[in-house]
Amino acid sequence: MSEALQHKKIVVVGAGWAGLGATYHLAKQGYQVTLLEAGSYPGGLVAGWKTSSGRSVEAGIHGFWYPYKNIFALINELGINPFTTWTRSSQYSPVGLEAESPIFQDLPRLPTPLGTFIYTQFQRLPLIDRLSALPLLYAVIDFDNSDSAWRRYDFVTARELFKQFGVSQRLYKESFEPMLLVGLFAPGEQCSAAATLGMLYFFILAHQPDFDVVWCRGTVGEKIFRPWAEKIERAGGKILTNRRVTDLISDNDNRVTGVVCDDEVFTADAVIFAVGINGMKKIVSGSPVLQSRAEFRNLSNLGGIDVLATRLWFDRKINIPRPSNACFGFDSTTGWTFFDLNALHDEYKDEPGTVVEVDFYHANQFIPLEDKEIIPLVHNYLTTCVPAFGQAKVIDSSVIRLPQAVTHFAPGSYNHMLPAKTSFSNLFMSGDWIINRHGSWSQEKAYVTGLEAANLAIKYLQAGELAKILSVEEDEGHIQVARQINQTVREVSKSVLPNFWLP
């Protein structure tokens, strides 16, 4: 690597999947990369930490789904083995067990989306209700993740979408809305139809195995981010924690030349932001440089969703049929999940009692409660799903409140989200809320956008090899044909009919 390249300075802000991904690749290319993290450890909200009593906790459990090709490739490159085997999941309501999913890749592969509907074991949902989802396939085909598709569907709510395409009330309440509550973290009337279609397609509908999932065998911070951070530092990258960005320095040539953290200034030839919406809004609120640009001021139109992460230790072993479980119907606007950590985490494999993680999404009404009010409520919910919890005693617990922690893909939000390129020539964006065309979601999207931002920095500075980004698996043949026909019909109709309908 040339000496000139080694003196090129890049500052990355935010040490989650996006920031670590960008930093790792740029450090390997020989750039002088500094990663700034506002918290006291790399990983942001995904990482975990120890309580005062030495127990591991984290801000919610995160799954790694079958389509996470780029994250799985990273894990192989790091030479680590952090994951469980593929696991089955269950779904509960206050009535009891509602559905169980198989390991889809172990079953004969059917054309999408037949496998999802045929192999999932529904306990009570009638076939006639499941069949009411068939007209929705048109929207799935019509939504191709293009800019025009996002603008067509983003101003419609998910609830309106399902109603428009004739989905039965029962299917919506017992299947689609629960997916929204734990996938987009909000009820259907608060979710963008565009985001809904993108999320459902990536995780469930594109290919039969997409819903298969593995889990980290401990906290993501310990199992993945710690060895990853060590690799970054060995490659020459610098990770600085407890550095909260307060402003930027720009010049008359439309470039950012420095990142300010209180009294410290980090000079930069390029800058990558890799923080969530809430964190970005805080940075903008204190930065006159960013406030001077409409694209950043418009971020005030975006929002986040409250998360409540609880971990309970019980005094005895409890037989939990499946290690990961999603629940609905307990609160009208809140979805929640619970995980058997004895089965998932190495640390608790030999624990004499049961350790359970219970996470609530869109948890607005729970955040103000005291811990002593939350723990009995969680215990009661668990007992409704698995009655044996009723005989067990909670001997320790952890409650973590995370206001505005995850992205809210609200109707109309696409108009205010940022692409990777900004109006500053050397300032690039990454994160799960950034506009891109890759088609991935959640942690995979965050990591992919980090690599995309790194590539933009490399192109701008004109040195280094671009990161190789694995594309999502291409659509199955019948979906490709249907999309081509639909696109042709749409183009013909535009040439014949006046374009006076609202998007």
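Start by selecting Thr120, which is buried at a relative accessible area of 13%; buried stands for under 20% relative accessible area, exposed for over 50%, and partly exposed for anything in between, using a 1.4 Å probe and protein chains only. You are looking at a predicted model, where local features need pLDDT of at least 70 and side-chain atom pairs count only at pLDDT 80 or more, while totals for chains, interfaces and linings use all residues. Residues are numbered from 1 along each chain as its sequence is written, and side-chain values use heavy atoms, with hydrogens and water left out.

Stay on Thr120 and colour by secondary structure: this residue sits in the loop between helix 4 (114–119) and strand 8 (121–122). Helices (H or I, at least four residues) and strands (E, at least two) are DSSP runs, numbered from the N terminus. Now show side chains. The Thr120 side chain reaches the backbone oxygen of Thr116 at 2.6 Å. Leaving out residues up to four places away in sequence, Thr120 touches Ala99, Glu100, Pro102, Phe104 and Gly115, where a contact means heavy atoms within 4.5 Å.

Which form does the peptide bond from Thr112 to Pro113 take? That bond is cis, with omega near 5°.

Next, select Trp17, Phe64, Ile224, Trp228, Met280, Leu290 and Phe296. These have the most contacts inside the largest nonpolar core, which has 133 residues. A nonpolar core is a set of buried Ala, Val, Leu, Ile, Met, Phe, Trp, Tyr and Cys residues joined through side-chain atoms within 4.5 Å. Which helix gives the most to this core? Helix 10 (residues 193–205) does, with eleven residues. Centre on Ile224 and you will find Trp17, Phe64, Ile75, Ile80, Pro82, Phe83 and Cys216 touching it, not counting residues up to four places away in sequence. A second, separate core of 25 residues includes Phe330, Trp336, Phe366 and Ile375.

Ile128 belongs to helix 5 (residues 127–131) and counts as exposed at 62% relative accessibility.

Two backbone stops follow. Phe185 has phi near 70°, a positive value in a residue other than glycine. Asn242 lies in the loop between strand 10 (238–240) and strand 11 (247–250) and is exposed, with a relative accessible area of 52%.

Val289 is buried at 15% relative accessibility. Draw a C-alpha to C-alpha distance from Val289 to Leu248: 6.1 Å in space, although the two are 41 residues apart in sequence. With neighbours within four places in sequence set aside, Val289 is in contact with Asp247, Leu248, Ser250 and Phe424.

Finish at Asp142, in helix 6 (residues 137–142). Asp142 is buried, with a relative accessible area of 3%.

Methods: A polar contact is a pair of N or O atoms within 3.5 Å; within protein, one must be able to donate a hydrogen and the other to accept it, and residues adjacent in sequence count only if both atoms are side-chain atoms.
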